[in-house]
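Work through the exercises below with the structure in view. Each task is followed by its solution in steps.

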Amino acid sequence: MPSNDDSPDSAIAADTDIADEPHRHASSSLDDLDYTTTFDPTTDCASETVIITVAALTDSTPVDLPALARVIDPDALDALLDRAARDDDRGVQELWFTYAGFDIGLRSDGKLRITRATTSTNTTTA
């Protein structure tokens, strides 16, 4: 599980591959990337799915990526998607955030969509 500090997400196995996941890669370049895959939000960690997928798309390892916790709390993300997936009365819930130069869209029905970030975000620390 990713850590809540600023260190890389080294707890995720570097050799994890998304080849077993159903997916659609609609473009051959990261510049016009529009990638969709699925996961089970009641059993899979959404935060790990994001990190593993971005690492695979960028041909890097999860430890080479910035810490997810710099943009969103991984534990809160996992809990939110898990609860939304279990609460069918509210319909499909969707959450978007920017991470590692990509816009990340997660839905409570288990869809993950990754596109090139439409705007750059600058994070400053005091």
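A residue is called buried when its relative accessible area is under 20% and exposed when that area is over 50%. The model used here is predicted.

**Exercise 1.** Decide whether T118 is buried or exposed, and place T118 in the chain.

*Solution.* 
- Step 1: T118 has a relative accessible area of 68%.
- Step 2: The cut-off for exposed is over 50%, so T118 is exposed.
- Step 3: T118 lies in the segment that follows β5.
- Step 4: Between the C-alpha atoms of T118 and G101 there are 8.8 Å, and the two residues are 17 residues apart along the chain.

**Exercise 2.** Find which residues of α2 are buried, and where they sit around the axis.

*Solution.* 
- Step 1: The buried residues of α2 are P74, L77, D78, L81, A84 and A85.
- Step 2: These residues cover an arc of only 140° around the axis, so they are on the same side of α2.
- Step 3: An α-helix has 3.6 residues a turn, so residues three or four places apart point the same way.
- Step 4: R83 and R86 are exposed on the other side of α2.
- Step 5: The cover over the buried residues of α2 includes α1, β3 and β4.
- Step 6: At the start of α2, the backbone nitrogen of D75 has a side-chain oxygen of D73 within 2.9 Å.

**Exercise 3.** Describe the largest nonpolar core and the contacts of F97.

*Solution.* 
- Step 1: This core holds 21 residues, and F97, Y99, I104 and L106 have the most contacts inside it.
- Step 2: Two or more residues come from each of α1 (46-57), α2 (74-86), β3 (94-99), β4 (102-107) and β5 (111-116).
- Step 3: The largest contribution is that of α1, with six residues.
- Step 4: Leaving out residues up to four places away in sequence, F97 touches V50, L68, V71, I72, L77, F102, D103, I104 and L106.

**Exercise 4.** State where pLDDT stays under 50.

*Solution.* 
- Step 1: The average pLDDT of the protein is 79, and 70% of the residues score at least 70.
- Step 2: Over residues 1-28 pLDDT stays under 50, and the model has 65 contacts beyond four places in sequence for them.
- Step 3: Over residues 122-126 pLDDT also stays under 50, with zero such contacts.
- Step 4: Where pLDDT is low, the predicted coordinates should not be read in detail.

Definitions and conventions
Residues numbered from 1 in each chain as written. Predicted model: local features only at pLDDT ≥ 70, side-chain atom pairs only at ≥ 80, totals over all residues. Heavy atoms only, no water. Core = buried A, V, L, I, M, F, W, Y, C linked by side-chain atoms within 4.5 Å. Buried < 20%, exposed > 50% of the residue type's maximum accessible area, 1.4 Å probe, protein only. Helix = DSSP H or I, 4+ residues; strand = E, 2+ residues; numbered from the N terminus. Contact = heavy atoms within 4.5 Å. Arc of directions from axis to C-beta. Polar contact = N/O pair within 3.5 Å; in protein donor to acceptor, adjacent residues only side chain to side chain. pLDDT = per-residue confidence, 0-100.
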